[in-house]
Number of protein chains: 2
Amino acid sequence: MPSGTHRVAIVGAGQTAFGALPHPPRALLRQSIYEALASVDKGISPQDIGEGYLATLGFGGWQIGNPASLLGEELGLPGLPVSHVENACASGSTGLRQAYHTLLAGAADVALVAGVEKMSDTPSARRRYWLGVSGETEWERLAGLTFAGVYALLAERYLAERKLTTDVLGAVAVKNHAHGALNPHAHLRKPVTLEQHHAAAAVADPLRLYDCCPVSDGAAAVVLAREEVARRFTDTPVWVVGSGGGSDFLALQDRESLTTLPATRRASDEAFRHAPFGRDKVQLAELHDCFTIAELLALEDTGLFPEGEGPRATTEGRTRLGGALPVNVSGGLKSKGHPLGATGVGQVCEVFHQLRGEAGERQVKGAERALTHNVGGSGATAMVHLFST
Amino acid sequence: MPSGTHRVAIVGAGQTAFGALPHPPRALLRQSIYEALASVDKGISPQDIGEGYLATLGFGGWQIGNPASLLGEELGLPGLPVSHVENACASGSTGLRQAYHTLLAGAADVALVAGVEKMSDTPSARRRYWLGVSGETEWERLAGLTFAGVYALLAERYLAERKLTTDVLGAVAVKNHAHGALNPHAHLRKPVTLEQHHAAAAVADPLRLYDCCPVSDGAAAVVLAREEVARRFTDTPVWVVGSGGGSDFLALQDRESLTTLPATRRASDEAFRHAPFGRDKVQLAELHDCFTIAELLALEDTGLFPEGEGPRATTEGRTRLGGALPVNVSGGLKSKGHPLGATGVGQVCEVFHQLRGEAGERQVKGAERALTHNVGGSGATAMVHLFST
């Protein structure tokens, strides 16, 4: 294990259900913070928190231009130093990385990271704009490419290069829907079959309806503490033992390949560089599957599976609950949902409960080491984090 | 002086001129990064940079939803871990704080913080919206209050409580315009007289034209390095020796007073807590003067002047270049300009050149210790940083 100065604990985590919810974003945020504080075994007071990070895109335009201050308002702690962080769909994990650095630096003992997004009440034309700008505008969006279209290009190329059919995309969908059906917080608690996957409407060829994550509302929050103070709050902390970040050209046309996201590779390499375990010891991964193709890319880009092994690992059930390395047992973005700013924080909530053995029907037995992976846009930003008991 | 682990050096700083500029935001960003790298005495390669922070509001809607990746693109370093940070008008200093923590944590040796905003090409109705949401929406903006109106309420109450006339606001304007006239990078290089101040059009009573900062385009960038590597890049680093943050309720109606910004007080207290010098040793301050009243509030909220002393210090010339504690020798937001995301980074550029004796006509003689202060919206967020030679 690394020395204390490389360890930060998660001592609490909470989230709302993800879904098309009636609540305004502030209410979602409040609930997630409440759940996170309430989950701290030995109790915590808002006054214990020294720094706050809010991840949100303010999807659709939410008329709050200085939103980080909401953290202080909802905690009853006006005064708290706060920051609003945003890296498109990777905003939540970006907040986690900032908090991790701030605690390692000793600038605070305890930090709160919260993410929130309200998407379901945005009209579809505006939604298309807000999703589209997470990719590239000049050469993609304004040329008519939707955000699903961007990932469709990646999928088409992937299937062609590897001589695969859409069965492999369907296998990801079937698996993650099966997982999500076990998760009370998931947006889509509905198993689907390969036949249903193939028969569903095309969204952007070759991606069909069940290849795409839903448009979700939701919020998630985690409480982090320096090792020196962590056991004041819980006897069963979950340790953050690695953080990596990466970026890439915004536009697909500027990249050398369409079948790998180098930002993920960079992030994964950095996260493992000083980690107390290697890739072969990971027992559970939450990977960014905004579309089924994204999970396939991530299986190999994170290095969890050797080059070329992702499809077979998927179709053979190795990434299923009960398999050798379960991926997205929460249901993933695909089935649990993808409220943008909340997504990366929600992944950490899943890992927190899994590594404490609190994940109920979807528990990965004996899980002690986990990885989360969160992508911004079509891979122009990415973050990878590692966790252990 | 504190131990090495509390020190991070600024080894390079550069900015564009602030003003109504023809360049697109990406070109402004590129120029500021180029200037910052070129200012590193012993040379630096983009490959030396380990983490990047981009501060911008994307004012007016700039169709780039994952903008931090532009840092890697402009540096020729796709792959760089990057984050987009935003705290309304305090975004730049929020980026600085993150970079400071990341370097203190040892997560990188060198970091780049850049801020950019393009405001002048936004139509005025949309501009009113974008400025308005930096304050509060539900109880202020939608009730008809403009952003200048928010600060006008603070000014009106301040003048009434202290039994002052608008002469004191005019004194701030005259001083900062005189300073800005000496700064080749300033937006408004034009001295004004107290008579001109009083005769100008009202914007939001009691604030008149010369009480308000201009709508500016611009970018600024700084390169920071851990103490362990700083002298590889320069023999004359400027040290960041303190960082403080604070927040407050978004809406004025939720606060206890209209004549103080507690977020600034919290931030200043934190910054000085571990600093190697006290408030009485500060020789130069860049304070957030989006409106003249904001500088008057900050003089006392930072603790640089005792309660009640701000107005007299101003009218007696103590805050002028050549006075006991020159404030906003760059011209401040008032005259140098206020391209939102760039502002807090631009303040650091000014301090960098001042503490190295490179500030030309506006040089504060013998300056060795400085403070910067950056406010988000009407004080819902604030950051204070301390610097020394």
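Two strands pair if DSSP finds at least two bridges between them. Helices (H or I, at least four residues) and strands (E, at least two) are DSSP runs, numbered from the N terminus. The model is predicted: local features need pLDDT of at least 70, side-chain atom pairs count only at pLDDT 80 or more, and totals for chains, interfaces and linings use all residues. Residues are numbered from 1 along each chain as its sequence is written, chains are lettered from A and ligands numbered from 1 in the order in which they are written, and side-chain values use heavy atoms, with hydrogens and water left out.

**View 1. Strands β3(A) and β3(B) pair across the two chains.** Strand β3 of chain A (residues 82-86) runs antiparallel to β3(B), and three bridges join them. A:His84 has B:Glu86 of β3(B) as its bridge partner.

**View 2. Chain A and chain B meet in a contact with 52 residues from each.** Contact here means heavy atoms within 4.5 Å. The two chains bury about 3,900 Å² between them, 46% of it on carbon and sulfur atoms; buried area is the accessible area (1.4 Å probe) that two parts lose on being put together, summed over both. B:Gln63, B:Asn66 and B:Leu250 supply 16% of the area that chain B buries against chain A, more than any other three residues. Between the chains there are 28 residue pairs in polar contact, both residues at pLDDT 80 or more. A polar contact is a pair of N or O atoms within 3.5 Å; within protein, one must be able to donate a hydrogen and the other to accept it, and residues adjacent in sequence count only if both atoms are side-chain atoms. On the side of chain B that touches chain A, α3(B) gives the most, with six residues.

**View 3. A network of salt bridges links A:Glu51, B:Arg97, B:Arg266 and B:Glu270.** A salt bridge is a side-chain nitrogen of Lys or Arg within 4 Å of a carboxyl oxygen of Asp or Glu. A:Glu51 and B:Arg97 meet at 2.5 Å, N to O, and the count between chain B and chain A is two salt bridges. Within chain B, the closest N and O atoms of B:Glu270 and B:Arg97 are 3.2 Å apart. B:Glu270 lies in helix α9 and B:Arg97 in helix α3, so this pair ties together parts that are 173 residues apart in sequence. B:Glu270 also forms a salt bridge with B:Arg266, at 3.0 Å; these two residues are four apart in helix α9, about one helical turn. B:Arg97 is buried at 1% relative accessibility (buried means under 20% relative accessible area, exposed over 50%, partly exposed in between; 1.4 Å probe, protein chains only). B:Glu270 is buried at 11%, whereas B:Arg266 is partly exposed at 26%.

**View 4. A salt bridge joins B:Glu74 and B:Arg30.** The N to O distance is 2.7 Å. B:Glu74 belongs to helix α2 of chain B and B:Arg30 to helix α1 (residues 25-38), 44 residues apart. B:Glu74 is buried, with a relative accessible area of 18%, and B:Arg30 is partly exposed at 42%.

**View 5. Strand β7 of chain A (residues 218-226) is largely enclosed by the rest of the structure, because nine of its nine residues are buried.** One face carries A:Gly218, A:Ala220, A:Val222, A:Leu224 and A:Arg226, the other A:Ala219, A:Ala221, A:Val223 and A:Ala225. Strand β1(A) (residues 8-15) runs antiparallel to β7(A) with seven bridges, and A:Ala9 is the bridge partner of A:Ala225. Strand β4(A) (residues 110-117) is also antiparallel to β7(A), with eight bridges; there A:Gly115 stands opposite A:Ala220.
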